Amino acid sequence: MPEVNQRDHYFDNVKFVLITFVVIGHVLEPLYSTSESAKALYNFIYFFHIPLFVFITGYFSKKSGKLSPYLVLYIIFETLYTLLDYYLNGRANLKFTFFLPYWITWYLLAVTLWKIALPYFTKLRYPILFASCLAVLAGYASTELGYNLSSLRAVNFFPFFLAGYYMKRKYFCYLFKWPVKMASAFIMILTLGLLFRYGQNLNCEWLWGSYSYSKLGSPEWYAGIYRVAIAAVSVILSLCVLSLIPTGRTRISEPGIRTMYPFLLHGFVFKIMDHQGIYRYINTWADQTLLILLAIVITFIFSMKWVEKLCRVLFSPNLSYLYKKKSSPLSRAQ
């Protein structure tokens, strides 16, 4: 356990590893339909990286329940990505759809919804079980929620947020024992191998959590079992990842403090890359390996201090002028 006021580098390591997987997943996404290897690796990453990021976000929500930072970031980057899309794709009209998040900005809106719902769910006797049942039942909704307000995604991943919120630091220690680490490595390798060998029919949209069962092509009454199975695999792989990440200070600890920067900035690079037709030249395993290395480099670059200083006006804008000044309390002599 870290001493009081000493930074816990384990979570910095976790956050950097996860944001790296996010960036790798996004850089592989345009190859999903054309490359079996990219599809297998993409599915492997998406089994755990969203649930685990949600889990970590929930874990740190014990310390801060503020909504405004996420809402401000959402408005800023939803606007910027809409402008980028308008410019790159030559849209006839510039249309801002703040109720329909653009790509990666869904997460900012979902965090806001989770934080709003959290006080109500903590009053329940079995909040995680209740949220899990709600996530399974939401897939049967006749009204297609899709990406509107990130609502269905928020419902599907909310159990992981709650699990993180109730998680205690001491429980992580069970994951750091060598037998658990060995088992985790075996499970990760086995899962990746199975996805390469048998996972070509797996639809990644099941892992996004954005669609109803009927929209996913499974209108059967028992389709909720698929959601439960996917969630079970996500939990197992998430625990494996947590077990294998170093607990002490490493070279990724310091950049792990600033993961919001690569998360929100890397999309601009990849959208421009895709628009420029870079993926036409990605044909071999070697090309894909270079692409993954590029994703890692971009993650490191956007996690540097100079990027934080350069982009501070976007990530931490001064909005004090929007609030009323606090009136000074009356003194007892008055």
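# Helix packing and pockets

Visitor: How do α2 and helix α8 pack?
Guide: α2 and helix α8 (residues 178–198) pack at about 135 degrees, and their axes are 8 Å apart. The model is predicted: local features need pLDDT of at least 70, side-chain atom pairs count only at pLDDT 80 or more, and totals for chains, interfaces and linings use all residues. Residues are numbered from 1 along each chain as its sequence is written, and side-chain values use heavy atoms, with hydrogens and water left out.

Visitor: What do axis, angle and helix mean here?
Guide: Axes are lines fitted to C-alpha atoms, for helices over the stretch in contact, and angles run from 0 to 180 degrees between N-to-C directions. Helices (H or I, at least four residues) and strands (E, at least two) are DSSP runs, numbered from the N terminus.

Visitor: So what do we call the α2 and α8 arrangement?
Guide: α2 and α8 are therefore oblique to each other. Angles under 35 degrees count as roughly parallel, over 145 as roughly antiparallel, 65 to 115 as roughly perpendicular, and the rest as oblique.

Visitor: Is the crossing of α2 and α8 left-handed or right-handed?
Guide: Right-handed, for α2 and α8. A crossing is left-handed if the near helix is turned anticlockwise from the far one by less than a right angle, and right-handed if clockwise.

Visitor: Which residues in α2 and α8 meet?
Guide: From α2, Ser37, Ala40, Leu41, Asn43, Phe44, Phe47 and Phe48. From α8, Met188, Thr191, Leu192, Leu195 and Phe196. Contact means heavy atoms within 4.5 Å.

Visitor: And by class, what does the contact of α2 with α8 have?
Guide: Nine nonpolar, three polar and no charged residues. Ala, Val, Leu, Ile, Met, Phe, Trp, Tyr, Cys and Pro count as nonpolar, Asp, Glu, Lys and Arg as charged, and the others, Gly among them, as polar.

Visitor: Next pair. At what angle do α5 and α6 cross?
Guide: Roughly 165 degrees, with the axes of α5 and α6 coming within 8 Å. That makes α5 roughly antiparallel to α6. α5 passes α6 in a left-handed crossing.

Visitor: Which residues of α5 and α6 meet?
Guide: In α5, they include Pro127, Ile128, Ala131 and Ser132. Their partners in α6 include Leu152, Val155, Asn156 and Phe158. The contact of α5 with α6 has 13 nonpolar, two polar and no charged residues.

Visitor: And how do α11 and α12 pack?
Guide: Helix α11 (residues 260–275) and helix α12 (residues 285–302) pack at about 135 degrees, with axes 9 Å apart. α11 and α12 are therefore oblique to each other. Their crossing is right-handed.

Visitor: What lines the largest pocket?
Guide: 43 residues, and the closest to its centre are Thr57, Tyr70, Tyr107, Thr259 and Met260. α2 gives the largest share of that lining, eight residues.

Visitor: How much space lies in the second largest pocket?
Guide: About 560 Å³. Its lining has 29 residues, with Pro159, Phe160, Ala231, Ser234 and Val235 nearest the centre. α10 gives the most, nine residues.

Technical notes:
1 Å grid on protein atoms, 1.4 Å probe; cavity = no way out; pocket = protein on both sides within 12 Å on 5 of 7 lines; lining within 4 Å. Points joined across faces, edges and corners; volume = space filled by probe spheres on them.
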